[in-house]
Amino acid sequence: MISLPIPLLDTSVETIFKECVNRFESDESKKRLLTYSTAVTKYSQQFLERMPSEIGMIVFPRISKKETKEIKKVYTQKFANQEEKSLREKYYNVIMANAPGRKCPICEISITTTLDHYLPKSKYPLLVVTPANLIPTCWNCNLKKGTFSSVEAEDMPLHPYFDDVSKIKWLDAKVSFNSGLIIEYINGCGSDVYEVMKKRIDIHLRVNQLKERYALLANGAIDGSKLYWKDIYFNSGKEQLLLHFNEQKKSEESFDLNSWKSAMYRALTEQYNEVEMWIQSL
């Protein structure tokens, strides 16, 4: 996961909310929606202050389905509406641009196409235009997560604005054999990672279906490389193939310790004896 700075910290959520509301034509709609302005400001600030470990301490007010539907329109019809060009450019596009090179910060394998509400707008409408609750993601990550949410610290997926896990090894892989060499991804946290974070990483991997998506990429890469590996093994020796795996591992880890490629090459080097037997059988 890529850690990102919280966007638009220099702009109050109250300003964003009111600017969106004032774009509605109906004075009656404006009046009703503006009554939520104080609550939007209050709970957006609490979200900023409490994320991630104390998020469960926020007691969100009960809002009816009818009210929720109306508040959601502030996002769908104004904030994110492509026809509201100046408004979208000012806020939506700025948050989208927060992901360097348009790489999805959740999976790191696809380009960003949308904003995901970390706490979904259907359950937490007061955070509907809160920048800290809006994450630029790819279509797949947005779809896989859906309306999943929790305000229990240990059940929350990772958040790119509040969780920097770049310095710990939390993604790993293992080699297995089933009609060929197969890579399976696992939670790679060691004893140095506290239990709540381990559980959150489990949730993160599950909710976004990252194990399955990474395995698809890794096993495709293996299919494309196995004849090259076989050539190194039989023409240059088994030590050279192990050296190749180690060099690839170091190269990938220097860029991202927890990429699917880093974890794949760790598995290939750590289980080299088994990999060697597989190469011999090709």
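A salt bridge is taken here as a side-chain nitrogen of Lys or Arg within 4 Å of a carboxyl oxygen of Asp or Glu. The structure is a predicted model, in which local features need pLDDT of at least 70 and side-chain atom pairs count only at pLDDT 80 or more, whereas totals for chains, interfaces and linings use all residues. Residues are numbered from 1 along each chain as its sequence is written, and side-chain values rest on heavy atoms, with hydrogens and water left out.

**Overall form**

The secondary structure of the chain comes to eleven helices and four strands, where helices (H or I, at least four residues) and strands (E, at least two) are DSSP runs numbered from the N terminus. Taken along the principal axes, the C-alpha atoms fill a box of roughly 80 × 40 × 30 Å. Of the 282 residues, 48% count as buried; buried means under 20% relative accessible area, exposed over 50%, and partly exposed in between, with a 1.4 Å probe and protein chains only. Among contacts between residues at least 6 apart in sequence, 69% join residues at least 24 apart, a contact being heavy atoms within 4.5 Å.

**Charged pairs**

The count of salt bridges in the model comes to 19.

| Pair | Closest N and O atoms |
|---|---|
| Arg32 and Glu28 | 3.0 Å |
| Glu54 and Arg50 | 3.1 Å |
| Glu84 and Lys78 | 3.0 Å |

In the pair of Glu84 and Lys78, both partners count as buried, Glu84 at 15% relative accessibility and Lys78 at 10%. Elsewhere, salt bridges that share partners join Lys169, Asp172, Lys249, Glu253 and Arg266 into one network. Arg32 and Glu28 are four residues apart in helix 2 (residues 27-34), so about one helical turn separates them; Arg32 is partly exposed at 35%, while Glu28 is exposed with a relative accessible area of 56%. In the pair of Glu54 and Arg50, Glu54 counts as partly exposed at 34% relative accessibility, and Arg50 counts as partly exposed at 27%.

Which side chain of opposite charge is nearest to Arg213? Arg213, which lies in helix 8 (residues 210-236), is buried yet has no salt bridge, and the nearest side chain of opposite charge is that of Glu212, 7.7 Å away. Leaving aside residues up to four places away in sequence, Arg213 touches Cys107, Ile109, Ser110, Cys138, Asn140, Cys141, Lys144 and Asn208.

**Packing of helices 9 and 10**

Two packed helices are described by the angle between their axes and the distance between the axes. Helix 9 (residues 238-255) and helix 10 (residues 260-270) pack at an angle of about 150°, with their axes 8 Å apart. The axes are lines fitted to C-alpha atoms, for helices over the stretch in contact, and the angles run from 0 to 180 degrees between N-to-C directions. Helix 9 and helix 10 are therefore roughly antiparallel to each other, given that angles over 145 degrees count as roughly antiparallel, under 35 as roughly parallel, 65 to 115 as roughly perpendicular and the rest as oblique. Their crossing is left-handed, a term used if the near helix is turned anticlockwise from the far one by less than a right angle, with right-handed used if clockwise. On the side of helix 9 the contact is made by Leu242, Phe245, Asn246, Gln248, Lys249, Glu252 and Glu253, and on the side of helix 10 by Lys261, Ser262, Tyr265, Arg266, Leu268 and Thr269.

Met1 stands in the segment before helix 1 (13-21) and is buried, with a relative accessible area of 8%. Although Met1 and Glu14 are 13 residues apart in sequence, their C-alpha atoms are 30 Å apart in space. Beyond residues up to four places away in sequence, Met1 touches a set of residues including Pro105, Ile106, Leu158, His159, Trp170 and His204.

The peptide bond from Met51 to Pro52 is cis, with omega near -10°, and Pro52 is placed in the loop between helix 3 (37-50) and helix 4 (65-79). Arg102, in the loop between helix 5 (85-96) and strand 1 (114-117), has a positive phi of about 60° although it is not a glycine, and counts as partly exposed at 44% relative accessibility. Gln209, in the loop between helix 7 (195-207) and helix 8, has a positive phi near 50°, in a residue other than glycine, and is partly exposed with a relative accessible area of 33%.

Note on methods: Lys and Arg count as positive and Asp and Glu as negative; His and the chain ends are not counted.
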